[in-house]
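Let's take a walk through a protein model together. Have the sequence and the 3D view ready, and follow along piece by piece.

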Amino acid sequence: MSISSGAVRRKARNAPTGIVIEPHTLARTAIVTLLERELAGWNFIDMISTASLDKALGMDVRLITLDLAGRGVRSSSLLDDLAAVAARFPEAPIALLSDTDDISIATQALQMGIRGFFTTALPIEIALAGLRLVLAGGVFCPHPLGAFADDPALHVVPEDAQREPKRLRHDDLILADFTPREADVLAELQCGSSNKVIAGKLNLSGHTVKMHLQHIMRKLQVQNRTEVVARLGGRPSPGDGAAVT
């Protein structure tokens with residue numbers, strides 16, 4: 001069912017679209033099947049390589065997952081893939097899939113503008129929460145924020161920077177410090193959901209939603225939910241008020 005064989009998972013051309021680039025058929029199929037279940041209403045196109053990217057032109061591509069496939073983060077092959085993605089879908093966040101839980105690799109990936117770093121060691125519920133965080137405009141990495149915030153490598157321009165996507169701001173790195181449940185709440189808030197709607201969707205009490213929002217505001221160093229939405233570029237919740245009390 002991959003795009004390389006001519007079968008494109010498509011519900012409507014203007015529906016939000018995700019691209020999964022993975023050379024291994026079983027892994028590629030499993031990832032797409034999971035994403036189809038979690039993101040109802042989305043198109044998903046799976047590809048063996050970036051050579052098929054042009055087949056997604058004209059679609060509303062909002063997420064691209066790319067397998068590191070044993071390559072170095074600075075390898076010419078990966079840089080070529082990232083350049084190909086950036087040339088066609090410059091606004092789409094990229095999530096990198098890796099079978100190595102290596103902090104140095106994750107650091108370099110964040111430096112290069114990768115919005116999500118997912119490893120095969122992640123529990124599925126954390127991976128899904130991280131994915132929702134990426135879709136909400138944040139950055140996900142399984143390593144603690146402290147491992148990156150003061151890393152000099154994040155402030156050094158690499159020799160081949162002209163071939164890489166734009167670099168992350170320090171403010172964006174703060175988003176990597178959210179818990180999976182905070183990421184769920186943040187994703188709903190980013191969509192303009194009220195506290196009541198968030199509680200219903202996530203099966204939480206109103207008090208618990210407020211608690212998560214307070215934690216989110218503290219981590220983002222803002223005073224109210226309006227500032228959270230402004231920081232992340234979402235839309236405010238109608239009739240829900242700006243403060244969390």
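## Starting at I103

I103 sits in helix α3. Helices here are DSSP runs of H or I with at least four residues, strands are DSSP runs of E with at least two, and both are numbered from the N terminus. Keep in mind that this is a predicted model, where local features need pLDDT of at least 70, side-chain atom pairs count only at pLDDT 80 or more, and totals for chains, interfaces and linings use all residues. Residues are numbered from 1 along each chain as its sequence is written, and side-chain values use heavy atoms, with hydrogens and water left out.

Is I103 buried, exposed or partly exposed? With a relative accessible area of 42%, A69 is partly exposed, and I103 is partly exposed as well, at 39%. The cut-offs are: buried means under 20% relative accessible area, exposed means over 50%, and partly exposed is in between, using a 1.4 Å probe and protein chains only. Along the chain, I103 and C141 are 38 residues apart, and their C-alpha atoms are separated by 9.5 Å.

Now look along the rest of α3, which covers residues 103-111. Its buried residues are I105, A106, T107, A109, L110 and Q111. Just after α3 comes G113, with a positive phi of about 100 degrees.

## The whole chain

Zoom out for a moment. The protein chain has 10 helices and 5 strands. Of its 245 residues, 50% count as buried. It exposes about 11,600 Å², and carbon and sulfur atoms supply 54% of that; accessible areas come from the Shrake-Rupley method with a 1.4 Å probe, and for residues only the protein chains shown count as cover.

What about contacts, meaning heavy atoms within 4.5 Å? Among contacts in the protein chain with a separation of 6 or more, 67% come from residues 24 or more positions apart.

(Axes are lines fitted to C-alpha atoms, for helices over the stretch in contact, and angles run from 0 to 180 degrees between N-to-C directions.)

Let's zoom in on β3 (residues 60-67) and β4 (residues 94-98), which run parallel and are joined by 4 bridges. L66 has L96 in β4 as its bridge partner.

T65 is another residue in β3. At 6% relative accessibility, T65 counts as buried. Leaving aside neighbours within four places in sequence, T65 is in contact with I19, V20, I21 and A95.

## Helix α4 and its partners

The crossing is left-handed, which means that the near helix is turned anticlockwise from the far one by less than a right angle, while clockwise would be right-handed. On the α4 side, I126, A129, R132 and L133 make the contact, and on the α7 side P180, A183, D184, L186 and A187 do. These residues divide into 7 nonpolar, no polar and 2 charged. (Ala, Val, Leu, Ile, Met, Phe, Trp, Tyr, Cys and Pro count as nonpolar, Asp, Glu, Lys and Arg as charged, and the others, Gly among them, as polar.)

Helix α1 (residues 25-38) also packs with α4, at an angle of about 65 degrees and with axes 12 Å apart. This crossing is right-handed. Here L34, L35, R37 and E38 in α1 meet I124, L128, L131 and R132 in α4. That contact divides into 5 nonpolar, no polar and 3 charged residues.

## Two loop residues

A69 is found in the loop between β3 and α2. Although A69 is not a glycine, it has a positive phi of about 55 degrees.

N203 belongs to the loop between α8 (195-202) and α9 (206-220). N203 is not a glycine, yet its phi is positive, about 60 degrees. At 69% relative accessibility, N203 counts as exposed.

Note on methods. Contact means heavy atoms within 4.5 Å. Two strands pair if DSSP finds at least two bridges between them.
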